[in-house]
Amino acid sequence: MTAPDPIPYSLLDLAPVTEGSDAAESFRRTLELAQLADELGYTRYWLAEHHNMPGVSSSATSLIIGHVAGGTKRIRVGSGGIMLPNHAPLAIAEQFGTLESLYPGRIDLGLGRAPGSDQPAARALRRGLTAGGQDFPELLSELRGYFDPSLGTAAPGVRAVPGEGLDIPIWLLGSSGFSAQLAGELGLPFAFASHFAPDYLLPALSLYRSSFKPSRHLDRPYAMVAVNVIAADTDEIAAWLATSQQQQFLNIIRGRTGKLQPPVDSMDGLLSPQEQAILTGTLRYSIAGSKETVKRRLPEIREETGADEFIVASQIYDHPARLHSCRLTAEAFRELG
């Protein structure tokens, strides 16, 4: 039996704002992390659109993509993702046309249909736009038409300048089957948010692959799977660092927002048994441990999912520890390859 081919590995950044810090510091840390990822061989560095969240500073996603692309050399930089129902497709075509013109061959456009925010923020963002994501296929069709006028789906008489004629890879992102099936039917790459919605991972991947139709973009399905990875010198240190992420997810379960908190010695007493069960399920595709632990778990997830690529999320409070996790994770992938 031959070993599987080396798997590409990428990084997903929420540009976290830690307790005691601010957005400006978050942006400096994001660039430093991206520069390290660039050196270490990560394939792409994606930033996520979120709104009305004090602990996430990547709300103006196109701007921070430009900040990162301008400070790196090789790595692809993109959105994981842009929440398309929040925006006019023409504006996204122009923004990413600008980015691709500035950094040719290095820009990815990952698209989602969720609001990336709570309902008050969604209403504030979508004034003049529809209130939900039901029209995502139509918005996507219009957006693709601005890049490729031969599709005939752009608004009549409107051209994206810059944008028109540029070959910017479009990915569909999802945490359910909707975008999985759409990506398959359009022959686009698909990325699943298993770092926070693991229950639907395998059904969505199955739906994506079964509905896939070859296109000029892909001749076969290409699925990227998101995993939380917190790597440290020992399992014990990694488990301690992971409590920041656990606190963040606990706040989400409770409907709260806040900055990323420092680690705690134990989560015991901080959550109910019901919350513990939810948290354990949510973090099913999460790895916190030494490099050897990461190396042991990654092939298991790949075998289970058939992932073509992994994208790693690492919500770590201490910035040097986050950089170290990035380095250890890259070493784990290289040694597995």
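This is a predicted model: local features need pLDDT of at least 70, side-chain atom pairs count only at pLDDT 80 or more; totals for chains, interfaces and linings use all residues.

Visitor: Then is the crossing of H10 and H11 left-handed or right-handed?

Guide: Helix H10 covers residues 291-305 and helix H11 covers residues 319-336, and their axes come within 9 Å. Applying the clockwise rule, the way H10 passes H11 is right-handed.

Visitor: Which word describes how H10 and H11 lie to each other?

Guide: Their axes cross at roughly 55 degrees. Angles under 35 degrees would count as roughly parallel, and 65 to 115 as roughly perpendicular. H10 and H11 are therefore oblique.

Visitor: How many charged residues are in the contact of H10 with H11?

Guide: On the H10 side are Lys-291, Glu-292, Val-294, Lys-295, Leu-298 and Pro-299. H11 brings Leu-328, Glu-331, Ala-332, Phe-333, Glu-335 and Leu-336. By class there are 7 nonpolar residues and no polar ones, and the number of charged residues is 5.

Visitor: And what does the contact of H8 with H9 hold, by class?

Guide: Helix H8 (residues 235-253) and helix H9 (residues 273-282) have axes that come within 10 Å and cross at roughly 115 degrees, and this crossing is right-handed. Gln-246, Phe-249, Leu-250 and Ile-253 of H8 meet Glu-275, Ile-278, Leu-279 and Thr-282 of H9. Divided by class, that gives 5 nonpolar, 2 polar and 1 charged.

Visitor: What does Phe-310 contact, away from its neighbours in sequence?

Guide: With neighbours within four places set aside, its contacts include Ile-7, Pro-8, Tyr-9 and Ser-10.

Visitor: Is Asp-233 buried or exposed?

Guide: Asp-233 sits in the loop between S7 and H8 and touches Ser-290, His-324 and Leu-328, leaving out residues up to four places away in sequence. The cut-off for exposed is over 50% relative accessible area. Because the value for Asp-233 is 54%, this residue counts as exposed.

Visitor: Is Ser-58 buried or exposed?

Guide: Ser-58 is in the loop between strand S2 (44-47) and helix H2 (61-70). Beyond four places in sequence, Ser-58 touches Leu-14, Ala-15, Ala-48, Glu-49, His-50 and Ile-64. Because its relative accessible area is 0%, Ser-58 is buried.

Visitor: How many of the residues of H2 are buried?

Guide: The buried residues are Thr-61, Ser-62, Ile-64, Ile-65, Gly-66, Val-68 and Ala-69. They pack against helix H1 (23-40), S2, strand S3 (76-83), helix H3 (89-102) and strand S4 (107-112). H2 is mostly covered, and the count of its 10 residues that are buried is 7.

Visitor: What covers the buried residues of H6?

Guide: Helix H6 runs over residues 177-186, and its buried residues are Ser-179, Ala-180, Leu-182, Ala-183 and Gly-184. Gly-187, with a positive phi near 70 degrees, follows the helix. Among the covering elements are helix H5 (136-147), strand S5 (170-174), strand S6 (190-192) and helix H7 (201-211).

Visitor: On to the backbone. What is omega for the cis peptide bond that joins Gly-80 and Gly-81?

Guide: Gly-81 is part of strand S3. Another cis bond joins Val-161 and Pro-162, with omega about -5 degrees, and Pro-162 lies in the loop between H5 and S5. For the bond between Gly-80 and Gly-81, omega is about 5 degrees.

Visitor: What is phi of Ala-15?

Guide: Ala-15 is in the loop between strand S1 (9-13) and H1, and its relative accessible area of 0% makes it buried. Asn-52, in the loop between S2 and H2, is a residue other than glycine with a positive phi, near 60 degrees. Phi of Ala-15 is also positive, near 45 degrees.

Technical notes: Residues are numbered from 1 along each chain as its sequence is written. Side-chain values use heavy atoms; hydrogens and water are left out. Contact means heavy atoms within 4.5 Å. Axes are lines fitted to C-alpha atoms, for helices over the stretch in contact, and angles run from 0 to 180 degrees between N-to-C directions. Helices (H or I, at least four residues) and strands (E, at least two) are DSSP runs, numbered from the N terminus. Ala, Val, Leu, Ile, Met, Phe, Trp, Tyr, Cys and Pro count as nonpolar, Asp, Glu, Lys and Arg as charged, and the others, Gly among them, as polar. Angles under 35 degrees count as roughly parallel, over 145 as roughly antiparallel, 65 to 115 as roughly perpendicular and the rest as oblique. Buried means under 20% relative accessible area, exposed over 50%, partly exposed in between (1.4 Å probe, protein chains only).
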